[in-house]
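My notes follow in the order in which I checked things.

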Amino acid sequence: MTVEELAEFCDKAQSAGIVEIALTEHLFRFEQVKPILGSYFRRFPERPMRTLMEQYWHDHAKADLDHYVEVVQEAKQAGLPVILGLEVDYYEDEMDAVSRLLDGYPFDVLLGSIHWIADWPFDHISDPTVVAEWNQIGIEPAWEAYTRSLEELSATRAVDVLAHPDLIKIMGYRSTRSNELHARMAEAAAKAGIAAEVSSAGWRKPVNEVYPSPDLLSEFAQRQVAITTASDSHGNEHVGFQVREVRRYINDHGYQKLRGFRGRQAYDVELSSEP
Ligand SMILES: [Zn+2]
C-alpha cells in the first residue's frame, strides 16, 4: 500500500460524495500478532478444518504493522481524508493481549468482527470444504455460536464498531430465531456503547442483502446504537459501492447521524439533507 494508491481511493470516494474513509486492514495480516495469536487455533481439536484455518492465518500474517501505520500517517499528513483503523477479529480469551499490542499505536478506530466460529472460517465461501461444514454444524447452532461470539466481543469493549454485524447470513441461511438473536446482538452493542457498521458488501455476497438486515438495523435504531457506513472494498474496486442505496437505507430507519472517530474517541456527524 502506498500514499499514491490511497489518493486514488480518496478520489473515488469523493466522487461518490464520501468525505472521509477509514482504512481497516485485518489484524491477522501483521507479523506483530504472531507472538500473541500464532498458536491460537491449537486449542481446538486437530482436524482438516483446523489445519486449513491455521494455514490461512499464517499465510496472511506477513505484513508489518509499523509500516502500515506509517503509510496511513503519511497519507494524513499529505492532506488525504483518511483515518487509521484496523479490523480486529474476535479471539476468545485473547482480547486483552490484543488490546495491549494495539494500545501502542495511534488508531482512530477499531472494527470488531466475527469471521470464524472456533476453527471454521465460515465466510470463505469459495472453499467447498468450508461451505460443506454448514451441514455438520447446522444453521441454528451456527447462528447461536456467532451471536454468542458477538456478545463476548462486544463485552470486551476492545473495539469501537461491529463490522458487518450479521455476517453469519452470508450464504443466505437464516435462523428461525432471528428475532431473538438480532435483539441479543443489538443489546450487546448498546450495553457496550459501541457502534454498528452498515456495509454494502452484503450485496456482493450470496445473501444479496446489506449488513445488517432491516430487522437488525431496526433493533439497533430502537436502542440508539450509532452507525458507521462501509463498502468493505479490498482495493479500489468497491470504494463507495452502492453508497446511495446505503444512504436511503439508513434514512429509512430514522438515522440522521453517522458516528465518526478520532483517536478512538467517538463523535457524531449530521448527514447532509442532500443524499
Ligand atoms: Zn470483515
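I began with what covers the buried residues of H8, and the cover includes helix H7 (139-156), S4 and helix H9 (214-222). I worked on a predicted model, in which local features need pLDDT of at least 70, side-chain atom pairs count only at pLDDT 80 or more, and totals for chains, interfaces and linings use all residues. Residues are numbered from 1 along each chain as its sequence is written, and side-chain values use heavy atoms, with hydrogens and water left out.

I took helices (H or I, at least four residues) and strands (E, at least two) as DSSP runs, numbered from the N terminus. For burial I used under 20% relative accessible area as buried, over 50% as exposed and partly exposed in between (1.4 Å probe, protein chains only).

I then listed the buried residues of H8, among them Leu181, Met185 and Ala189. Seen down the axis of H8, the buried residues fall within an arc of 150° (taken from the directions from the helix axis to the C-beta atoms), so they line one face of the helix. On the face turned away from that buried side I found the exposed residues Asn179 and Lys191. Just after H8, I noted that glycine 193 has a positive phi of about 70°.

Last, I looked up the zinc ion, which is coordinated by Glu87 (OE), His115 (NE2) and His164 (NE2) at 2.1 to 2.2 Å. Donors here are N, O and S atoms within 2.8 Å of the metal (3.2 Å for Na, K and Ca), and water is not among the atoms, so sites may look incomplete. I also recorded that glutamate 87 and histidine 164 are both buried.

Notes. Contact = heavy atoms within 4.5 Å.
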